Amino acid sequence: MKVSQIHNEKKQSLSFEIFPPKKEEDFKNIDEMLGILCECNPEYISVTFGAGGSSNNNKTIEIAKKIKNEYHVEPVVHLTCLCYDKNEIDDFLKVLGAEGIENILALRGDRNPNVPAKSDFLHASDLVKYVRKTTGDRFCIAGACYPDVHPESAGRNDDIQNLKKKVDAGTDILLSQLFFDNDTFFKYVDDCRLAGIEVPIVPGIMPCINAAQIKRMVDMCGAKFPEKFKKIVHRYGDDKEALFDAGMSYCQSQIIELLANDVEGIHLYTMNNVKVAKRLTEGIKNLI
C-alpha cells in the first residue's frame, strides 16, 4: 500500500526511521530489531540510503524487502540523488518496482567530500520531477521539510518556496526534519498552508538522550532547543542515566502535545534503538 493511501484512511499515523547497520555483525541481528519495532504497530518504516558508492544501498533494499514481505509493514526507501545520474536512478527504481516497493523518500542527500556530486540532480525537486515523468504514479513520493529552516536556505520564505516547488513537482507527503519546539512546527505548517502546500506534513521526532547526540543534532541540522530543554540539559547533562530519562520524558510530552493538536502522524527517528521506540510508543498506545 502507498503511504499516501494510509494517510487518506487513517487520521494519525505512526512510522519509524531506521538505518542499515554499518557492521556486518550488526546486520545479522536486523531481524531481532525489526521484530521488536513491528510489534509497536507502525504503519510504515523508512530506511535510509547511503551516499554514492556506498554498499549500504543494497542493504537498504534488502531491509525494505524484509519489512514488506516478512513483517507485512510498508517500507519507504530513502533515495538520494546528488551523487547519481539518471541511469543509476533508473536502475534503483527498476529494482524497487520489481520488488513491489511503492514508497520512496526523495532526497538530495548530504554532500560527501569522498564522493563527487553529479550534475543530473541538483535538488530533491529535480529527482521528484524525474521520477514522476518516468514512472507516473507508480510510486508514492515523500519529501523532507525543515521546521527550523534548511541549513543552506536563505531564510524561511526561501525555504518554503523551494518546498512548494518540490510539492508541485509531485511530492505526495512531507516528513519533517527533527525539531524540539512544537510551536516552531505549528507555525511552520501554518506558513506552508498559506503558501499553498496542501499535502500531509508529518512531524519527525527524535529524543535527545545523551549530550554528544545533542551537540551533533545542533551541528548537523541546525535544530534549535527551547529554553525548557536547555535547562534539562544543564541540570542532567553530566548524568547519562538521568539525561536519558529526562530526554525521553521531554520527547513523550512533545509527542502528546503534537497528537492533541491533530498532527497527521508521528515519524519517529529510532536511531535503531528498540528501547527508545518501545518506551515512546507504549506511552501513546491509546492516543493514536
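These are my notebook entries on a predicted model of one protein chain.

**Entry 1: the overall build**

I began with the fold as a whole. The protein chain has twelve helices and eight strands. Its radius of gyration is 18 Å, close to the 19 Å that the globule rule gives for 288 residues, so the chain is as compact as a globular protein of that length. I also looked up the box that the C-alpha atoms fill, and along the principal axes this box is roughly 50 × 45 × 40 Å.

Next I asked what share of the 288 residues is buried. Buried residues come to 54%.

Then I turned to contacts along the sequence. Taking contacts between residues at least 6 apart in sequence, I found that 81% join residues at least 24 apart.

**Entry 2: aromatic rings**

How many aromatic pairs does the structure hold? I noted ten. One that I looked at is formed by Phe 185 and Phe 186, whose ring centres are 6.3 Å apart. Their planes stand at 65°, and a pair counts as edge-to-face over 60 degrees, so this pair is edge-to-face.

Are these two residues buried or exposed, or something in between? Phe 185 has a relative accessible area of 2%, so it is buried. Phe 186 has 21%, and the cut-off for buried is under 20%, so Phe 186 counts as partly exposed.

I also wrote down an aromatic cluster, made up of Phe 180, Phe 225, Phe 229 and Tyr 250.

**Entry 3: charges over rings**

Here I looked for charged ends sitting over rings, and I kept two cases. Arg 138 has its charged end over the ring of Phe 139, 5.0 Å from the ring centre. Lys 275 does likewise with Phe 244, its charged end lying 4.6 Å from the centre of that ring.

**Entry 4: salt bridges**

The count of salt bridges comes to 16. I followed a few of them through the chain.

Glu 99 and Lys 65 meet through their side chains, at 3.7 Å from N to O. Which parts of the chain does this pair link? Glu 99 sits in the loop between α5 (86–98) and β4 (103–107), while Lys 65 belongs to helix α4 (residues 56–69), and the two are 34 residues apart. Glu 99 is partly exposed at 30% relative accessible area, and Lys 65 is partly exposed at 30% as well.

Glu 88 and Lys 118 form another salt bridge, with 2.9 Å from N to O. This pair also links distant parts of the chain, 30 residues apart: Glu 88 is in helix α5, and Lys 118 is in the loop between β4 and α6 (124–135). I looked up their accessibility too: Glu 88 is partly exposed at 27%, and Lys 118 is partly exposed at 32%.

Asp 168 has a relative accessible area of 55%; exposed is set at over 50%, so Asp 168 counts as exposed.

How values were computed: Residues numbered from 1 in each chain as written. Predicted model: local features only at pLDDT ≥ 70, side-chain atom pairs only at ≥ 80, totals over all residues. Heavy atoms only, no water. Phe/Tyr/Trp six-rings, centres within 6.5 Å; stacked < 30°, edge-to-face > 60°. Buried < 20%, exposed > 50% of the residue type's maximum accessible area, 1.4 Å probe, protein only. Lys NZ or Arg CZ within 6 Å of the ring centre and 35° of its normal. Helix = DSSP H or I, 4+ residues; strand = E, 2+ residues; numbered from the N terminus. Rg over C-alpha atoms; globule rule 2.2 N^0.38 Å. Contact = heavy atoms within 4.5 Å. Salt bridge = Lys/Arg side-chain N within 4 Å of Asp/Glu carboxyl O.
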